[in-house]
Amino acid sequence: MTLAGSSPTPTLAATALERARILAPLVLFATVTSLVSSESVGVDLSGAVIAFNAISISVLVGICITLWRRQVPERWAHPVLTLIWWLPVAGTLLSQYFSHSPLLAQVLLLEISCAAILLHTNWVIGTQILITIIWVPLTLRDGGPEAPSTIMTGLLAQVTAIVFHVLMRRSLVRAETLRLEAAETSERLAQQVAELERSHADLARMQDQLQHAQRMEAVGTLAAGLAHDMNNVLGAIMSFAGLVLDTVQQPAERADLEQIVAEAERGAALTRGLLAFSRRGQYRKQVLVLDDIVREVLPLFERMLPKSIEVRSQLSGGTACVEGDPVQLGQALVNFALNAAHAMPHVGTLELAADVVELDLAAATVLALVPGRYARLRVTDTGVGMDDAVRRRVFEPFFTTKPMGKGTGLGLSTVWGVAQAHRGAVSVASKLGKGTTFWLHLPLTTADPPRAAAPVIPTTDAELPRTTVLVIDDEAAVRRGTQRTSSGWA
């Protein structure tokens, strides 16, 4: 672990392993060659020397294999490299001990100089001290008059090896430090680039959300004005058509009038959907338990959906309470179910769930909500799913993937309006062939749901209230139709 702003101290373990991987086969070859050619150059081999060299060759073969397979961990890099260098040195010292050959002193000087290839200073100094302790007495024993000069030459070779080791290690440490600093800088730059990309992605997502909200708000404003005007026209048509229907006896004319009333009611349903989408419809707020909403729509689903669709439910145990309109929330679940049924034409599973979730800042930002605890309705189907293009437009009014005449495109847009009217949010996740999941998040309330009061049923006509109906409307045709209809009331 390194402190912030500091550079790590390189251990050069990886470099030591690479050197050991290159040096081990060379030392193995040199050991075998020296063992074969020792007697030809006048160096007698004793049984102990032969045994030691056989052990050294076996150890070097094992080291070569493990290094070739890269099975040596980096923490053993410096000891392994030192062992590779030390084995021929120890063999030379052992040969000198038994053979008394002055030629081995020259070989030993060359091997001592090769200590500069080691990369750990403590190992270099330690092995040089050990060599000095063993080699000096042997040289004094076998060197004769030239022993002091040989010892001085050996000590000079040791000092030279240590100096070269220090210089090379410093160079390697400097290069490794620069490499690590460059790697850290590259990593920091990569992190900054990734953070910048995430920021751009978040900005693009927020811009997309803003554009979507602005588009939906504009469409909602237009839909609200259109729906109110159409409601007045359709209300007048239905009122007068109903009055004429009561006076017509011929079947053909009655059928025509009934068709007019039916189409007017269909138009009225469309305007109600537009009003719900624009959040300007009539909402009745009361404390609700989402479990109750789910229980109320389940029997309706059994009659409304095909028998090939299995309906499942997961309830919250009464913990998810909200303030809302039960009719509108139930209609939202119905719209979800109808959309799911269209996505499962043959067989499938529809799952409804109600629970409570905690939205952190990131999750709440995606939904354009305030972080906190929310009640959540989830509707999941195993249908054909949607691609990204359809998913982005799924809540737009009059957008539908159904064939002509099979849908108005107001079902899910109505759900969006219900979510907005309840200060919540609706979201969707879907992939082609993987089904679809809708979530409706609603603010939790701590208020207790009201208890239903027992209805008072009048027992006599005298208890029936007598009232006067005051008709008020800004559309004259609606007022006249309502007055004529109410004039027949008792």
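Contact here means heavy atoms within 4.5 Å. Helices (H or I, at least four residues) and strands (E, at least two) are DSSP runs, numbered from the N terminus. The model is predicted, so local features need pLDDT of at least 70, side-chain atom pairs count only at pLDDT 80 or more, and totals for chains, interfaces and linings use all residues. Residues are numbered from 1 along each chain as its sequence is written, and side-chain values use heavy atoms, with hydrogens and water left out.

In α9, the residues Q328, L329, A332, N335, F336 and N339 meet G411, L412, T414, V415 and V418 of α12. Of the residues in this contact, 6 are nonpolar, 5 polar and none charged (Ala, Val, Leu, Ile, Met, Phe, Trp, Tyr, Cys and Pro count as nonpolar, Asp, Glu, Lys and Arg as charged, the others, Gly among them, as polar).

The predictor's confidence in each residue is the pLDDT, from 0 to 100. Its mean over the protein is 78, and 78% of the residues reach 70 or more.

| Element | Residues | Mean pLDDT |
|---|---|---|
| helix α13 | 476-486 | 65, the lowest |
| strand β7 | 436-443 | 92, the highest |

Over residues 1-7 the pLDDT is below 50, and this stretch has 4 contacts beyond near neighbours in sequence. Where pLDDT is low, the predicted coordinates should not be read in detail.

With a disulfide taken as a pair of cysteine sulfur atoms within 2.5 Å, the count is 0. C64 is buried (under 20% relative accessible area, with exposed over 50%, partly exposed in between, 1.4 Å probe, protein chains only), at 17%. C321 is also buried, at 10%.
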